[in-house]
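The sequence and the structure are shown first.

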Amino acid sequence: EITAAMLAQVAELQGYPVISVSLTEAGPGLIREVSTLPDDIVCVCALPPFALLHASKLSRALRAQLADRKIVVGVWSSTALGQGTENRVQRAFAGPVVTRLADALEQFTGG
């Protein structure tokens, strides 16, 4: 949740309207709640190593219900992923994966 709050703050400072939804607050109704929001980008934030499996499941569930939305996964890491790890991470998620806040903002602009 902290990484999502950080991304939301950076995005708002860049002029993007943001709605941050907590997994613990939304619970099982998260996908239903997100589906009622404007047709913008959904960003799932994960902090390795423990959140990756949950984020992968969530991104796939979102993709199944919101096929027309752009879904980005932020796997926040202080070190760059190696090529082999990056390839595995890309396959694990249903959509683009970013590792830096700046990369997430590029996805907002269509990068």
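## Terms and basis

A residue counts as buried when its relative accessible area is under 20%, as exposed when that area is over 50%, and as partly exposed in between, with a 1.4 Å probe and protein chains only. By this scale Leu30, at 8% relative accessibility, is buried.

The structure is a predicted model, in which local features need pLDDT of at least 70 and side-chain atom pairs count only at pLDDT 80 or more, while totals for chains, interfaces and linings use all residues. Residues are numbered from 1 along each chain as its sequence is written, and side-chain values use heavy atoms, with hydrogens and water left out.

## Overall fold

The chain contains six helices and three strands; helices (H or I, at least four residues) and strands (E, at least two) are DSSP runs, numbered from the N terminus. Along the sequence these elements follow the order α-α-α-β-α-β-α-β-α.

Of the 111 residues in the chain, 32% are buried. The chain exposes about 6,800 Å², and carbon and sulfur atoms supply 56% of this area; accessible areas come from the Shrake-Rupley method with a 1.4 Å probe, and for residues only the protein chains shown count as cover. A contact means heavy atoms within 4.5 Å. Among the contacts with a separation of 6 or more, 65% are between residues 24 or more positions apart.

## Packing of α1 and α6

How do the helices α1 and α6 pack? Helix α1 (residues 2–13) meets helix α6 (residues 101–108) at an angle of about 55 degrees, and their axes are 10 Å apart. Axes here are lines fitted to C-alpha atoms, for helices over the stretch in contact, and angles run from 0 to 180 degrees between N-to-C directions. The angle makes α1 oblique to α6, given that angles under 35 degrees count as roughly parallel, over 145 as roughly antiparallel, 65 to 115 as roughly perpendicular and the rest as oblique. The crossing of α1 past α6 is right-handed; a crossing is right-handed if the near helix is turned clockwise from the far one by less than a right angle, and left-handed if anticlockwise.

On the α1 side, the residues in contact are Met6, Leu7, Val10 and Ala11, and they meet Leu101, Ala104, Leu105 and Phe108 in α6. By class, this contact has eight nonpolar, no polar and no charged residues. Ala, Val, Leu, Ile, Met, Phe, Trp, Tyr, Cys and Pro count as nonpolar, Asp, Glu, Lys and Arg as charged, and the others, Gly among them, as polar. An α-helix has 3.6 residues a turn, so residues three or four places apart point the same way.

Within α6, the buried residues are Asp103, Ala104, Leu105 and Gln107. Their cover includes α1 together with β1 (41–46), β2 (70–75) and β3 (97–98).

## Residues of helix α3

Val34 is located in helix α3 (residues 30–35). Is Val34 buried or exposed? With a relative accessible area of 8%, Val34 is buried. Leaving aside neighbours within four places in sequence, Val34 is in contact with Val42, Leu62, Leu66 and Arg69. Val34 and Ile19 are 15 residues apart in sequence, with a C-alpha to C-alpha distance of 9.5 Å.

Ser35 also belongs to helix α3, but at 35% relative accessibility Ser35 is partly exposed. Under the exclusion of neighbours within four places in sequence, Ser35 is in contact with Leu66 and Arg69. The C-alpha atoms of Leu30 and Leu58, 28 residues apart along the chain, are 9.5 Å from each other.

Ser56 is placed in helix α4 (residues 52–65) and is buried, at 12% relative accessibility. Not counting residues up to four places away in sequence, Ser56 touches Ala92 and Phe93.

Pro49 sits in the loop between β1 and α4. Pro49 is exposed, with a relative accessible area of 56%. Its C-alpha atom is separated by 9.5 Å from that of Ser77, 28 residues apart along the chain.
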